[in-house]
Amino acid sequence: MTRPACDNSELLSHAHAQANVNCIDCHENGIEDKIQETVWYVTDDFDDPPYKRAFPNEMCTKCHSDIDAIVAKTDFGEANPHNSHLGDLVCSDCHKMHNQSHAKCADCHNFEFLQNLPADWDKEAKKTK
């Protein structure tokens, strides 16, 4: 199995760790589960690697609860990624904890604000077959 070509400093998990938010602060499973997941991660011997997982919005909104403030902060005039015409998106559609975050808007649009995202964001359109 090949892990994503991504420096750990590009991951949201790294940014959270820098803010003293650790894995156990979000992942509610017990220590036994965490040990097993660590073994799977180290050995690449599991079917559901962390960088492929989607997480429910409730995992994010435990800390990032002021959705109205997030929507207001990201109103770029031309578009607002947190008020999408695609309906209710899951945070992990764009914000990846264990992989490089991807601006889903860029799959179809070339908004100016996309160019101003931090360099660690993937802003290329995803090719579909």
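Two residues are in contact here when they have heavy atoms within 4.5 Å of each other. With that in hand, take the contacts in the protein with a separation of 6 or more: 54% of them link residues 24 or more positions apart.

Keep in mind that this is a predicted model. Its pLDDT averages 81, and 82% of the residues score at least 70. Where pLDDT is low, the predicted coordinates should not be read in detail.

Of its 129 residues, 20% count as buried. The protein exposes about 9,300 Å², with carbon and sulfur atoms supplying 52% of that.

Now for a piece of that surface. Ile 31, Ile 35, Val 39 and Trp 40 make a nonpolar patch of about 370 Å². Ile 31 sits in helix 3, which covers residues 31-43.

For a look inside, go to His 102, in the loop between helix 5 (67-73) and helix 6 (112-115). His 102 counts as buried because its relative accessible area is 6%, and the cut-off for buried is under 20%. What surrounds His 102, leaving aside neighbours within four places in sequence? Its contacts are Asp 93, Cys 94, Lys 96, Asp 107, Trp 121, Asp 122, Glu 124 and Lys 126. With Asp 122 there is also a polar contact of 3.1 Å, joining the two side chains.

Key: Residues numbered from 1 in each chain as written. Predicted model: local features only at pLDDT ≥ 70, side-chain atom pairs only at ≥ 80, totals over all residues. Heavy atoms only, no water. Patch = residues over 30% accessible without salt bridge, like charges linked within 9 Å, V, L, I, M, F, W, Y side chains within 5 Å. Areas by Shrake-Rupley, 256 points an atom, 1.4 Å probe, with all protein chains shown as cover. Salt bridge = Lys/Arg side-chain N within 4 Å of Asp/Glu carboxyl O. Helix = DSSP H or I, 4+ residues; strand = E, 2+ residues; numbered from the N terminus. pLDDT = per-residue confidence, 0-100. Buried < 20%, exposed > 50% of the residue type's maximum accessible area, 1.4 Å probe, protein only. Polar contact = N/O pair within 3.5 Å; in protein donor to acceptor, adjacent residues only side chain to side chain.
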